[in-house]
Amino acid sequence: MTQPTLAPAAPIRRVRPSTSRALSFLIVALLLAFLLVFFVLPVIWLLLAPSKTAGEVVRDNPLSFGSFGQIGAAWRHLFAFQDGAMLTWLKNSAIYSGGSLVLTLAVSVPAGYALALTKFKGRKTLLVITLVTMIMPQATLVLPVFLELNRFHLIGTVWSVILPFSFYPFGVYLVYIYFGSSLPRDLLSAARIDGCTEWQLFSRIALPLAKPVIGLVAFFSFVGNWNNFFLPYLVLPNSNEFPVQVGLNQLLTSTPSFNPVAGAGLNITIPELALAIIIAILPVLVLFLFSQRTLVSGMLAGSTKE
């Protein structure tokens with residue numbers, strides 16, 4: 001008897017390297033196209049909008065440039081709105097953000113140091129409260145904060161914005177992580193042996209070493225305060241007290257394209273509104289560009305423990 005012959009095995013198909021590279025390139029290209037359409041193009045349109053009139057914004061190519069003369073006209077119309085309200089809003093934002101930043105650093109840094117390096121009754125409870133408050137949405141705290149400010153008759157004052165902005169549990173936690181993981185304990189022990197008090201340890205040793213994380217806390221605090229809208233909108237009743245973010249909302253309601261009942265003689269159209277948005281984000285952008293090295297070193301602070 002003859003033995004049955006085995007059928008030859010089907011050849012294994014292998015994906016060619018060129019095909020794999022082409023597929024990877026296609027995926028990357030689609031991802032970049034998505035990012036371009038949804039993130040880059042709106043920014044380009046925003047930068048070009050002040051160079052055109054309101055009619056040209058609608059009719060012309062969205063990514064075309066108008067004229068420098070129109071940018072000047074949009075600038076004049078914007079800063080003539082309500083007798084220079086834009087300058088007042090920018091000044092108010094600087095006062096609110098700067099004042100709360102000073103208080104934030106004055107409170108967050110010592111608090112994080114105390115939670116990380118000292119032992120006292122209730123320390124763990126305070127740390128848990130800090131963590132819980134940090135993960136809570138800010139909108140959930142607006143009502144109790146408003147009622148508390150109203151109880152002390154602070155509504156409509158500078159302190160109604162500065163004091164709540166100064167409460168920054170995320171900054172306390174960042175400082176706590178840094179001091180708890182990166183500050184050499186041997187250095188502190190040697191300083192104590194040399195006769196340093198606790199205040200000298202904090203001011204002469206801990207603070208100079210913590211400059212990166214302090215810069216990180218300062219940046220996040222300033223940006224969050226500058227961009228905050230909800231709380232100032234509730235506690236500030238008058239336009240001359242608004243920060244720039246709340247002022248942008250008033251500009252929006254004064255633009256006929258977004259509010260048909262707005263007055264026609266206000267000279268606030270889409271180009272002026274776009275220019276106001278650009279001016280509002282410039283301080284944060286400049287701060288970011290000049291503090292990149294500090295931000296990077298601050299983000300890496302506490303990532304390793306020696």
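Q: What counts as a helix here, and which helices each supply at least two residues of the lining of the largest pocket?
A: Helices are DSSP runs of H or I with at least four residues, numbered from the N terminus. The model is a predicted one, and in it the protein has 15 helices and 0 strands. Those that each supply at least two residues of the lining of the largest pocket are helix 5 (123–135), helix 6 (139–151), helix 7 (159–166), helix 8 (169–181), helix 11 (211–226) and helix 12 (230–235).

Q: Which residues that line the largest pocket are the closest to its centre?
A: The largest pocket has a volume of about 630 Å³. Its lining is made of 26 residues, and the closest to the centre are Gln138, Leu141, Pro164, Phe165 and Phe167.

Q: How do the residues of the lining of the largest pocket divide into nonpolar, polar and charged, and which helix gives the largest share?
A: By residue class, the lining of the largest pocket holds 19 nonpolar, 6 polar and 1 charged. The largest share of that lining, 6 residues, is supplied by helix 6.

Q: In which helix is the confidence highest?
A: Over the protein, the mean pLDDT is 83, with 87% of the residues reaching 70 or more. Where pLDDT is low, the predicted coordinates should not be read in detail. Confidence is lowest in helix 15 (residues 292–300), at a mean of 61, whereas the highest value, 92, belongs to helix 4.

Q: Is serine 108 buried or exposed?
A: Serine 108 is found in helix 4, which runs over residues 85–117. Leaving aside neighbours within four places in sequence, serine 108 is in contact with Tyr168, Gly171, Val172 and Val175. Because its relative accessibility is 1%, and the cut-off is under 20%, serine 108 counts as buried.

Q: Which residues have the most contacts inside the largest nonpolar core?
A: The largest nonpolar core has 35 residues, and the elements that give two or more residues to this core are helix 3 (68–80), helix 4, helix 7, helix 11, helix 12, helix 13 (244–253) and helix 14 (270–290). Apart from it lies another core, of 25 residues, among them Leu127, Leu201, Phe202 and Ile205. Within the core of 35 residues, those with the most contacts are Leu78, Met86, Trp89, Val244, Leu251 and Ile279.

Q: With which residues is methionine 86 in contact, leaving aside its neighbours within four places in sequence?
A: Methionine 86 is one of the residues with the most contacts inside the largest nonpolar core. With neighbours within four places in sequence set aside, the contacts of methionine 86 are Leu78, Phe79, Val244, Leu251, Ala276 and Ile279.

Q: Against which helices do the buried residues of helix 13 pack?
A: Helix 13 is mostly covered, since 7 of its 10 residues are buried. These buried residues are Val244, Gln245, Val246, Gly247, Leu248, Gln250 and Leu251. They pack against helix 3, helix 4, helix 11, helix 12 and helix 14.

Q: How many Å apart are alanine 274 and alanine 74, C-alpha to C-alpha?
A: Alanine 274 has its place in helix 14, and because its relative accessibility is 2% it counts as buried. Leaving aside neighbours within four places in sequence, alanine 274 is in contact with Leu46, Ala49 and Pro50. Although alanine 274 and alanine 74 are 200 residues apart in sequence, their separation in space is 9.4 Å.

Q: Is glutamine 70 buried or exposed?
A: Glutamine 70 has its place in helix 3. Leaving aside neighbours within four places in sequence, glutamine 70 is in contact with Pro50, Ser51, Lys52, Thr53 and Pro271. Because its relative accessibility is 15%, where the cut-off is under 20%, glutamine 70 counts as buried.

Q: What is the phi of glutamine 82?
A: Glutamine 82 lies in the loop between helix 3 and helix 4, and is partly exposed, with a relative accessible area of 39%. Most residues other than glycine have a negative phi. Glutamine 82 has a positive value instead, near 50°.

Q: Is histidine 153 buried or exposed?
A: Histidine 153 is found in the loop between helix 6 and helix 7. Although it is not a glycine, histidine 153 has a positive phi of about 60°. Because its relative accessibility is 68%, and the cut-off is over 50%, histidine 153 counts as exposed.

Methods. Residues numbered from 1 in each chain as written. Predicted model: local features only at pLDDT ≥ 70, side-chain atom pairs only at ≥ 80, totals over all residues. Heavy atoms only, no water. 1 Å grid on protein atoms, 1.4 Å probe; cavity = no way out; pocket = protein on both sides within 12 Å on 5 of 7 lines; lining within 4 Å. Points joined across faces, edges and corners; volume = space filled by probe spheres on them. Nonpolar A, V, L, I, M, F, W, Y, C, P; charged D, E, K, R; others polar. Buried < 20%, exposed > 50% of the residue type's maximum accessible area, 1.4 Å probe, protein only. Contact = heavy atoms within 4.5 Å. Core = buried A, V, L, I, M, F, W, Y, C linked by side-chain atoms within 4.5 Å. pLDDT = per-residue confidence, 0-100.
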